[in-house]
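Let us look at how two chains meet in a model. Have the sequence and the 3D view open as you read.

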Amino acid sequence: MDVFTNLLHGFASALTPQYLLLAALGVTLGTAIGVLPGIGPALTVALLLPLTYNFDPTGALIMFAGIYYGGMYGGSTTSILLNTPGESASVATTFEGFAMAKSGRGGAALATSAIGSFVAGTISTLLLTFVAPIIAKIALLFQPADYFSLTVLAFMSVTALVGKSFLRGMTSLFIGLFIGLIGIDVLTGQPRLTFGMPELLDGIDVVVVAVGLFAVGEALYVASQIRNTKDEILPVKKGIWMTKEEWKRSWPAWLRGTLIGFPFGALPAGGAEIPTFLSYTTEKRLSKNKEEWGHGAIEGVAGPEAANNAAFSGVLVPLLTLGLPTSATAAILLVAFQIYNLQPGPLLFQKSPDLVWALIASLYIGNVMLLILNLPLIRIWIKILEIPRTLLYAGILVFGTLGVYSMSNSFVDVMIMYAIGVLGFFMRRYGFPVGPTILGVILLPMAEAQFRRALSISQGDLSVFVTRPLSLGLLLMAVGAVLLPYVPVLIARLRRKPVESRRIVFGDGQED
Amino acid sequence: MTQNDAKSASLSARALFGLRLAALVVILLGGVILTQVPHIGTGAGFIVVGPRVFPTVIGIGVLLLGILFLLRTTFQPDRDLIAEVEAEETSTDWATIVLTFLSLVVYAALLKPLGYALATGLFFPAVARIFGSTRLGRDVIIGVILGLVIYLSFTQILGVRLPAGLLAGIL
């Protein structure tokens with residue numbers, strides 16, 4: 001019954017005017033940014049981090065969670081009307097959503113995605129409420145060796161499952177690990193890989209890396225193609241609502257999407273991309289109206305959108321209970337916690353219960369706010385799409401520079417950020433996913449610290465990682481994640497059938 | 001060979017060249033990391049895992065991945081990737097990228113002497129122009145307003161420090 005009292009306390013705190021206002025600000029900002037093509041929640045939170053140093057942590061985190069959530073809702077609008085996903089988790093929505101908009105049923109597509117997001121968001125927040133405290137209790141049993149294996153699992157699953165090539169994913173990850181190494185070693189006080197630059201002694205701030213890779217990298221990439229692309233926004237003719245038939249077909253898809261999205265978000269497997277694609281294929285397989293697919297089947301919008309939102313609450317489970325981010329946005333949220341000297345992990349629920357439960361309660365409230373923002377007010381967001389790209393990306397560069405410059409008014413920081421932006425441009429150009437890089441930067445300190453702790457406990461005996469059952473299990477899961485994409489090929493080989501594709505691809509790994 | 005074939009062949013050669021160059025950069029990075037490792041001090045006292053262990057492992061990893069990628073582009077080129085890079089190669093506008101980057105550097109350098117508001121008021125229309133905007137007047141107005149609003153709200157409301165520059169006495 002513990003959970004109920006905690007949650008009630010959380011609501012009491014989240015319903016104060018100040019937190020309500022911050023939640024509203026977060027979801028509105030998140031929706032606006034989700035609607036804009038090319039910029040996603042990870043970038044937005046990264047840009048806002050320096051501005052919130054003076055906020056109280058609960059308020060700032062409520063706002064950030066709102067941005068993340070709002071980004072998920074808003075992303076569907078661009079997918080449906082513009083055929084350009086706002087973030088990678090909305091890619092699956094474009095297939096049927098854009099087809100529906102083309103045949104004049106854009107209103108129904110927007111409605112099913114908004115209501116589906118609400119249903120999935122509410123159910124998955126409920127699941128989060130009950131699952132997270134249990135995982136936090138289990139996580140207390142984790143020892144350094146297990147934590148290290150957990151980071152290995154996160155590294156492997158994100159690089160192996162997301163992105164078209166394992167080799168390129170690993171390269172991205174290692175570039176991130178390298179950036180994470182730069183600076184003074186915490187344990188010995190020795191400067192590492194600073195190339196004699198005093199500015200690098202403190203390491204490269206995650207905000208600098210995130211803004212560089214996501215904002216500047218993306219802006220340069222778009223700039224390189226800007227004269228060769230033209231966008232056409234499809235108008236929404238009829239009202240934004242669904243017929244009885246469409247309701248009937250959406251319901252089961254929402255529920256199935258939720259059930260797929262939540263556990264996949266909770267697993268360290270790259271956030272919302274994989275479950276949205278899984279939901280899409282599931283709906284396609286189960287559909288009775290197969291001939292409609294490709295021409296606007298409503299299940300193909302309802303399922304992935306529900307999965308998308310459910311995955312967000314799922315992502316919060318490992319983030320809050322283990323301190324383990326499983327997507328780029330979650331990684332930035334982890335940084336937000338660390339700014340306020342809060343270490344997410346099993347002890348967070350004991351040390352700062354007020355914050356955790358206010359945050360969870362605010363998710364319920366945010367969902368209701370988002371439903372209102374995205375159904376009656378949807379036409380306002382469609383207007384945002386009419387901002388010319390030239391001004392949009394000029395603005396992104398201004399805000400990106402501002403985010404980094406306002407941290408310490410340092411010219412060098414801004415230059416490092418631009419350099420990382422150039423890196424991000426070339427990574428996009430040659431098909432290297434940027435998600436693993438940011439994960440590498442953020443998780444490297446944790447991986448190294450836990451590795452060292454584990455080995456000093458075992459007095460240098462490396463076998464500690466395979467003799468502890470928990471650690472061994474996590475490492476085996478990591479191996480499984482690497483092998484999983486090749487399973488269909490192996491099966492086809494065994495059956496002596498011609499091999500169609502080399503490995504399955506779950507997403508393009510361009511989460512931003 | 002027709003003219004079109006020759007064109008597409010040179011395009012695919014250029015894509016392949018770009019990918020190999022990327023692989024070489026990765027290899028180079030691995031080399032740089034490994035040559036830096038001996039410069040890392042080991043610190044006083046005994047610890048089981050010293051400060052050189054992770055840089056060494058990561059350096060070797062980067063080096064190996066770069067070599068693997070180079071081998072892959074040479075012996076078993078990834079057709080899809082090459083097609084993608086080719087498509088981008090044809091539509092890429094290098095002048096825009098270089099100009100954008102240069103204007104970013106100038107912007108960052110001018111932030112302090114000119115002040116945030118003024119530098120932003122200049123940078124915004126300039127970069128919009130580089131991106132292909134033709135309405136200079138509108139862009140200047142938006143840029144100036146953006147610069148002023150950000151400067152005033154950050155310094156007055158959010159308590160974040162930004163350089164005032166030339167407008168020090170006025171704002």
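Predicted model: local features only at pLDDT ≥ 70, side-chain atom pairs only at ≥ 80, totals over all residues.

A salt bridge is a side-chain nitrogen of Lys or Arg within 4 Å of a carboxyl oxygen of Asp or Glu. By that rule, the interface of chain A and chain B has 0 salt bridges. Residues are numbered from 1 along each chain as its sequence is written, chains are lettered from A in the order in which they are written, and side-chain values use heavy atoms, without hydrogens and water.

Contact means heavy atoms within 4.5 Å, and here chain A brings 66 residues to it and chain B 70 residues. About 5900 Å² is buried between chain A and chain B, with 74% of that from carbon and sulfur atoms. Buried area is the accessible area (1.4 Å probe) that two parts lose on being put together, summed over both.

Now for two residues of chain A with positive phi, neither of them a glycine. Exposed means over 50% relative accessible area, buried under 20%, and partly exposed in between (1.4 Å probe, protein chains only).

| Residue | Phi | Relative accessible area |
|---|---|---|
| Phe195(A) | near 50 degrees | 38%, partly exposed |
| Gln459(A) | about 55 degrees | 70%, exposed |

Overall, chain A has a mean pLDDT of 86, and 94% of its residues reach 70 or more.

Terms used: pLDDT = per-residue confidence, 0-100.
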